Amino acid sequence: MERNENATVEFVEKISELVKAENEPFHVENVLGKTFVNKRWYEVEKNKPEIMKLHSLKSLVDFVKTTVENNNCNLTLPLVIEASYTTMLVHTSLADDSSRVTIATVEPIKPDINFGRFIDIHNFIIQLQTCFADTENKKNVIRYN
């Protein structure tokens, strides 16, 4: 019986410690130029601009021109543009902590081509006109539908 009483006392003491620790004020600490707080020791992120989501290369060019000319986001140049097959990302140059901030993404709005299943004639013609180059065959298919 004494063992259960000791376990209960230890349990109550531990709960009291946790409640007391939870009510302590935040402690902010700088470690190697990074700011941390004590509650769960996570890094406090600096203010970052919101990522601009674009869908065309022209909008990207316009965005970069106006951002560089007006220096809207207080960016340090040069900007880094990362391009893949379907996506482009615009990053700032390296910050003091060797990180980059993504300021824009470009992802085209692509039509969904449905091969191998039935689609109505209206959607078929729209997909044909938007997804395929103008050729004599394409014109003939559209004309006879």
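Visitor: Is the place to start, Thr105, buried or exposed?
Guide: Thr105 has a relative accessible area of 19%. Buried means under 20%, exposed over 50% and partly exposed in between, with a 1.4 Å probe and protein chains only. Thr105 therefore counts as buried.

Visitor: What kind of model is this?
Guide: Residues are numbered from 1 along each chain as its sequence is written, and side-chain values use heavy atoms, with hydrogens and water left out. Local features need pLDDT of at least 70, side-chain atom pairs count only at pLDDT 80 or more, totals for chains, interfaces and linings use all residues, and the model itself is predicted.

Visitor: What pattern does the chain follow along the sequence?
Guide: Helices (H or I, at least four residues) and strands (E, at least two) are DSSP runs, numbered from the N terminus. The chain has four helices and six strands. Read along the sequence, they give α-β-β-β-α-β-β-β-α-α.

Visitor: In which strand is the place of Thr105?
Guide: The bridge partner of Leu89 in this strand is Thr105. The strand covers residues 102–106. Thr105 has its place in β6.

Visitor: What is the order of strands in the open sheet?
Guide: Two strands pair if DSSP finds at least two bridges between them. Four strands form this open sheet, and the pairing is mixed. The order is β3-β6-β5-β4.

Visitor: Which strands stand at the edges?
Guide: A strand at the edge here has a single partner strand, so one side is left without a neighbour in the sheet. The two are β3 (52–54) and β4 (80–83).

Visitor: How do β3 and β6 run?
Guide: Three bridges join the two strands. Leu54 stands opposite Val106 in β6. β3 and β6 run parallel.

Visitor: How do β5 and β6 run?
Guide: Four bridges join β5 to β6. His91 stands opposite Thr102 in β6. These two strands run antiparallel.

Visitor: What do β4 and β5 form?
Guide: Four bridges join them, and they run antiparallel. Val80 has His91 as its bridge partner in β5. With four residues between them, β4 and β5 form a hairpin.

Visitor: Why is β6 largely enclosed by the rest of the structure?
Guide: β6 has five residues. It is largely enclosed because the buried ones among them number four.

Visitor: How many residues make up the largest nonpolar core?
Guide: A nonpolar core is a set of buried Ala, Val, Leu, Ile, Met, Phe, Trp, Tyr and Cys residues joined through side-chain atoms within 4.5 Å. Members include Leu54, Phe63, Leu75, Val90, Ile103 and Val106. α2 (57–70), β5 (88–91) and β6 each supply at least two residues.

Visitor: Which residues does Ile103 touch?
Guide: Contact means heavy atoms within 4.5 Å. Residues up to four places away in sequence are not counted. Ile103 then touches Pro49, Glu50, Ile51, Met52, Phe63, Leu75, Leu79, Val90 and Thr92.

Visitor: Is Thr92 buried or exposed?
Guide: Thr92 has its place in the loop between β5 and β6. Its contacts, leaving aside neighbours within four places in sequence, include Leu75, Pro78 and Ile103. Its relative accessibility is 8%, so Thr92 counts as buried.

Visitor: What separates the C-alpha atoms of Thr105 and Val90?
Guide: Along the chain, Thr105 and Val90 are 15 residues apart. Between their C-alpha atoms, the separation is 6.4 Å.

Visitor: What percentage of the residues in the chain do buried residues make up?
Guide: The chain has 145 residues. Thr105 and Thr92 are among the buried ones. Buried residues make up 17%.
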